Every structure is written in C-alpha cells, then in structure tokens.
Amino acid sequence: MEHPITLHPRRPVAPSAAPAAAGAERWSVDAIEALLNLPFNDLMWQAQQVHRQHFDPNEVELATLLSVKTGGCPEDCGYCPQSVHYDTGVKAEKLMASGEVRAAAEAARHAGATRFCMGAAWRAPKDRDIDAVAELVRTVKDVGLEACVTLGMLADGQVERLRDAGLDYYNHNLDCAPDFYGEVISTRDYQDRLDTLERVRGAGVKVCSGGIVGMGESRRHRAGLIAQLANLPEYPESVPINHLVKVEGTPLAQQPDLDPFEWVRVIAAARITMPTARVRLSAGRQQQGDAVQALAFLAGANSVFYGDKLLVTGNPDVAADRALFDRLGMSSRAGVPGMGV
C-alpha cells in the first residue's frame, strides 16, 4: 500500500513547465498510466517488442559514477544524504584532484565501463567550479571514456565551457512528477530543472535525466514523471530510473517499501515512450535482487551504473554484476572479458 508523505506544501507548476514537444509524438499522463495499469505480462511484451526494434536485447551499457565533491549541498531534497539539512554522517569534502579522478577512470575502464559520470553536491556551480570540472572532463576523455557530469543547476554559458572540454552528457534528473515535487523538495522549483535541461540541449550536449520511484508517490505520479521526460522537445538519450535508497537521517528514511514490480513497470513505460534512450538501472538496484533486475532488463533496461558505490550509497560490486550478466547471457558494449557473449 502506498502512503504519501508530506514534507512541504505543494507548489503550483507554472504553465511553462508543461512539455512543448512541437512536432513530436506526445504521451499524455492518462496514456502512460494506462500502460502502467496493464497486466504485467502484457506490459512486458509491449516493452520487449519496442526494445528489440532499437537495441540488441542482450547488450548492456556499463557506466561508473564517482562523487568528485561530496556533501554540503544546500538543497533539501528529502531523499539525499548529502544535504546540509540532515544528519546522515556524510561530511562535506572538497573537489577531487585530477590525479585521483584519472586513477578512478582508468580503473573503471579496466573493469569494462564505457561512460564515466562525475557528481558534485552543489545547488549550482560557480564559474570557478566550472573551470575545475572542465579539467576533470578533459582527464576522463584522455582516459578514453565518455564523460558525464551532474553539478546541479547551470547558468548561461556554463554548459558551453563543459562542452568545449569534451563533455558528452549532462545529468539532471527531474526526480518526480511536477505535482509531487513539493512533497520532496522546497529549495528549488520544477521549472529550474527544466531550464537546466533546455540549456544543456541548446548547447549540443546529450541529456541524461530520469527520476526516483518509491518516495511515496502514486502510480499516476509515476506516469506523470515519464510523461514529463517523454514529452521534452527531445527526450533524453539516457534515462536513469532510481529506486529510493532509504538513508537514516533523511525525511524519507522510514518510507514504506515500494512493490518492486512497480519499479519494473516504470522501466517498461520508459522504454515504450522513449524507444531509443538508454534506460539505466541506477540507485537502489542492489536492494532488488537478481530476479527483479532480470525482469528490469526484460522490460527494456540496457544500461547500469557499475561499481561498488553510487555517490555515497552502495551498489552491486563488479564481480556480482559480471556473474549476473553471465547467468543471463548478456554482454557489455565494450565486450568485458568474463561476461557472456
């Protein structure tokens, strides 16, 4: 049973926050909710058909995520252990040096990752921060990996500097549906997130954007999240679907567990509505177990965060992932030795 939580009063969403997908196929919230309401086998069948039209169903992209600047974030996102508003034991740290990042990127490449994502716990980076992150982007590109960063909200001109350093993707999740947003976050508006995605797209950088399930939202709210993503003028190239990781000290620490089939349903809906996107299993997959992850791949997921940690929370380790992929007969884009072929 789903139990909505209340952290902050809901805020009305400005009309400009509605998707403006001129000329693109539009997905209404009702239509996506109807997908989510299908019998599970029927939904999986539809998602698998779409997936096979665009991807090798037995291939998975491996990405690694490194926290290059941990803790001290002024935002009050109710799920986040890096917020200064909550006592979670996470201490604020300075931005990592390029040598440390190079070592981590080389290890990720050796383990088979093709994309290296760097996260920094800022509300919005300052210009001097952009210069420092641009150097980290150049370091990752020099190692031979795709580079992605998530730094918070961006101002005019900042994404262009990251692009010129070689940035391939910028991650900025919408987190949830606009009409649930005020239940989780009060320190920024939904439109702030959409504005950053517009800046990223306008600069010619690929977009990585998804959300989190299990925060107390309804199935219709989950449909609303997918509708926002699918109806962007261009839907994201990468869509991470996170399952809430409950961290002591955060407002969502006691949130009741979500039925894992709901997570799989959202992945299937993302695949159907954004057919050429990489749909990524992100935070929380460690808690789902191998069988549910296998269902997620059947639903159209074809990317994972790979390694022992996602920012500051746990993740299945490399050996466990390789063993799972072997059991499922799946291979990586890079053809990682020891994985299925």
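Trainee: Is the crossing of α3 and α4 left-handed or right-handed?
Mentor: Keep in mind that this model is predicted. Take the helices as the structure shows them: α3 spans residues 98-110 and α4 spans residues 127-143. Their crossing is right-handed.

Trainee: How far apart are the axes of α3 and α4?
Mentor: Two numbers describe a packed pair of helices: the angle between the axes and the distance between them. Here the angle is about 35 degrees. The axes of α3 and α4 are 9 Å apart.

Trainee: How many residues of the contact of α3 with α4 are charged?
Mentor: From α3 come Ser98, Val101, Arg102, Ala105, Glu106 and Arg109, and from α4 come Glu135, Leu136, Thr139, Val140, Asp142 and Val143. Five of these residues are nonpolar and two are polar. The charged ones number five.

Trainee: Now α2 and α8. At what angle do their axes cross?
Mentor: Helix α2 covers residues 40-54, and helix α8 covers residues 260-273. Their axes come within 9 Å. The crossing is left-handed. The angle is roughly 35 degrees.

Trainee: How many residues of the contact of α2 with α8 are nonpolar?
Mentor: On the α2 side are Phe40, Leu43, Met44, Gln46, Ala47, Val50 and His51. They meet Phe261, Val264, Arg265, Ala268, Arg271 and Ile272 of α8. Two of the residues are polar and two are charged. The nonpolar ones number nine.

Trainee: Which residue meets Glu59 in a salt bridge?
Mentor: The model has 21 salt bridges in total. In one of them, the N to O distance is 3.0 Å. The partner of Glu59 there is Arg278.

Trainee: Why does that pair tie together parts that are 219 residues apart in sequence?
Mentor: Look at where each residue lies. Glu59 belongs to strand β1 (residues 59-69). Arg278 belongs to β8 (residues 278-281), so the pair ties strand β1 to strand β8.

Trainee: Which element gives the most to the lining of the second largest cavity?
Mentor: The lining consists of Asp175, Cys176, Ala177, Ile212, Val213, Glu217, His221, Arg222 and Leu225. Five are nonpolar, one is polar and three are charged. β6 (211-213) and α7 (219-230) each supply at least two residues. With three residues, the element giving the most is α7.

Methods:
Residues numbered from 1 in each chain as written. Predicted model: local features only at pLDDT ≥ 70, side-chain atom pairs only at ≥ 80, totals over all residues. Heavy atoms only, no water. Axes fitted to C-alpha atoms, helices over the stretch in contact; angles between N-to-C directions. Helix = DSSP H or I, 4+ residues; strand = E, 2+ residues; numbered from the N terminus. Left-handed = near helix turned anticlockwise from the far one by under 90°. Contact = heavy atoms within 4.5 Å. Nonpolar A, V, L, I, M, F, W, Y, C, P; charged D, E, K, R; others polar. 1 Å grid on protein atoms, 1.4 Å probe; cavity = no way out; pocket = protein on both sides within 12 Å on 5 of 7 lines; lining within 4 Å. Salt bridge = Lys/Arg side-chain N within 4 Å of Asp/Glu carboxyl O.
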